[in-house]
Amino acid sequence: MPDLKQLLTAPPKPPIWPKFNSPLRSTAVTARIGRLLGIAFGTCFVTGMLSHYQYHPWTWLPEPASPALAYRVTQGVHVTTGIATIPLLLVKLWSVYPNLFRWPPIRSIRHALERLSVFVLVSSAIVQLFTGFFNALNWYPWPWGFVNVHRYLAYVVIGSILLHLAVKLPDIKYGLSAKVAEGDVLTESPWSDNPASHSNAGTLPPPEPTGISRRGVLTAAGAGVGIVAVTTVGQTLTPLEPVGLLAIRQSPKGPQRVPVNRTAQQANVLKVAKDPAWKLDVQGPHPFSLSMAEVLEMAVHETGLPISCVEGWSVGATWRGLKLIDVVRRAGGNSGSSVRVHSLEKVGSYTNSVVRGPQVSHALLATHLNGQRLDIDHGYPLRLISPNRPGVLNTKWLNRIEVY
Ligand code: HEM
Ligand SMILES: Nc1nc2c(c(=O)[nH]1)N[C@H]1C(S)=C(S)[C@@H](COP(=O)(O)O)O[C@H]1N2
Ligand SMILES: [Mo]
């Protein structure tokens, strides 16, 4: 491979060039933070793919109905680990950013490619974490749709992490085996052209720490992550609600102690949902319809199920209503049928959803929430609620059901 260094003999270093002498930065510190970061990104990736699957389950493998809390747990873990990863990423970048200032900036084609892969990794990770964070805070000013970009970026992030691990393996091995208080320090000493040999490993005496120690850096990073996690997870782990500073949507903040994703007014259903002539139309081999009085008469089944929003908040609640499977059977279907429930809401992505597989036998058409007739914002007069189902698929303001 032609060597760039031979082509352009290293230009002189600019007269003003930053110096980095902090003994706090070292391969041992970076490798430990990197290990945590890898675990966090891996967890985000796996739980994110689960969320994607539950949003769009395969026909041949419909989502299971149990454990009922699974989506609450996996999506809560996704958003909490994701947000808690932000301080960790910042510390990781702090620990390595002097590498940006090594001279000359590019030494060979191989080195240039390695720099490019680091650039892709860092930029995709930053965009992923920050857009995810703001989306979970319900503030999304970017012009591109969140879900698809977030998923494709996830492939880029995970791919570039794997490449990064492969390239840095020797450094990682060295860093994890070195004691935090000892080991090399990241200085201005020349970076080896050969990434397989560690730059400073063992060539420098351990520096005398000044002020905060390397252990202190790791402890501070851990504390930062812990504080962010604890103040976020309150949006899904009810006992931590009181400290949920970053958890903007919590159960006390909506009617009947459940947050509201979109109100009846926003969905433009205020009038139709209150229409006294409302009825539930059921289509299938034997179509029929139920009046409000008939629906309420059948609404004797009670169950405890959470609303688990894809955006990370969730809250447990008690629901009363009629069993979907009873309606399906009366229409001539059975537990193997598929069902599409339709909302009075007519535009947007919430107008209907499909129930399939085990959920058909477990879903409830709810009329009551936490002991009261459904609030208009929670889907009055009738809404779907099903175990282990993303909140977004628990359609509100139902008026029609198709059994097929
Ligand atoms: C601050 C960090 C993060 C936050 C707050 C966050 C938040 C979210 C939210 C709210 C969703 C649901 C989107 C929806 O269906 O409306 C989601 C889905 C997802 N997330 Fe994240 N995320 C973060 C980081 C990550 C990371 C680091 C990865 C992977 C490396 C990742 C991978 C995914 C995937 C694959 C999905 C499924 C997308 C789909 O349904 O097609 N996320 N995330
Ligand atoms: N018709 C309709 N159904 C809907 C929505 C909606 O906007 N319109 N929001 C969904 C989302 S994203 C969630 S998280 C839950 C929230 O239910 P809640 O508002 O009763 O808490 O309802 C789901 N069902
Ligand atoms: Mo949601």
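W142 is partly exposed, with a relative accessibility of 26%. That value comes from a predicted model. The ring of W142 pairs with the ring of F134. Their centres lie 6.0 Å apart and their planes meet at 40 degrees, so the pair counts as tilted. F134 is also partly exposed, at 23% relative accessibility. The two rings belong to a cluster: ring pairs link F133, F134, W142 and W144.

Two numbers have come up for this pair. A pair of aromatic rings is described by the distance of the centres and the angle of the planes. The structure holds eight aromatic pairs. One of them joins F45 and Y155. Here the centres are 6.3 Å apart, the planes stand at 75 degrees, and the pair is edge-to-face. F45 sits in helix α2, residues 27-55, while Y155 sits in helix α5, residues 146-177, so the pair ties together parts 110 residues apart in sequence. F45 has a relative accessible area of 23%, which makes it partly exposed. Y155 is partly exposed too, at 35%.

Rings can also lie under a charge. R151 lies over the face of Y152, 5.0 Å from the ring centre. The charged end of R330 sits over the ring of F288, at 4.3 Å from its centre.

Now step back to the whole protein. It has 10 helices and 10 strands. Of its 404 residues, 46% are buried. Take the contacts with a separation of 6 or more: 72% of them are between residues 24 or more positions apart. The accessible surface comes to about 19800 Å², and carbon and sulfur atoms account for 65% of that surface.

How values were computed
Residues are numbered from 1 along each chain as its sequence is written. Chains are lettered from A and ligands numbered from 1 in the order in which they are written. This is a predicted model: local features need pLDDT of at least 70, side-chain atom pairs count only at pLDDT 80 or more; totals for chains, interfaces and linings use all residues. Side-chain values use heavy atoms; hydrogens and water are left out. Helices (H or I, at least four residues) and strands (E, at least two) are DSSP runs, numbered from the N terminus. Buried means under 20% relative accessible area, exposed over 50%, partly exposed in between (1.4 Å probe, protein chains only). Contact means heavy atoms within 4.5 Å. Accessible areas come from the Shrake-Rupley method with a 1.4 Å probe; for residues, only the protein chains shown count as cover. Rings of Phe, Tyr and Trp (its six-membered ring) pair if their centres lie within 6.5 Å; planes under 30 degrees apart count as stacked, over 60 as edge-to-face and the rest as tilted. A charge sits over a ring if NZ of Lys or CZ of Arg is within 6 Å of the ring centre and within 35 degrees of the ring normal.
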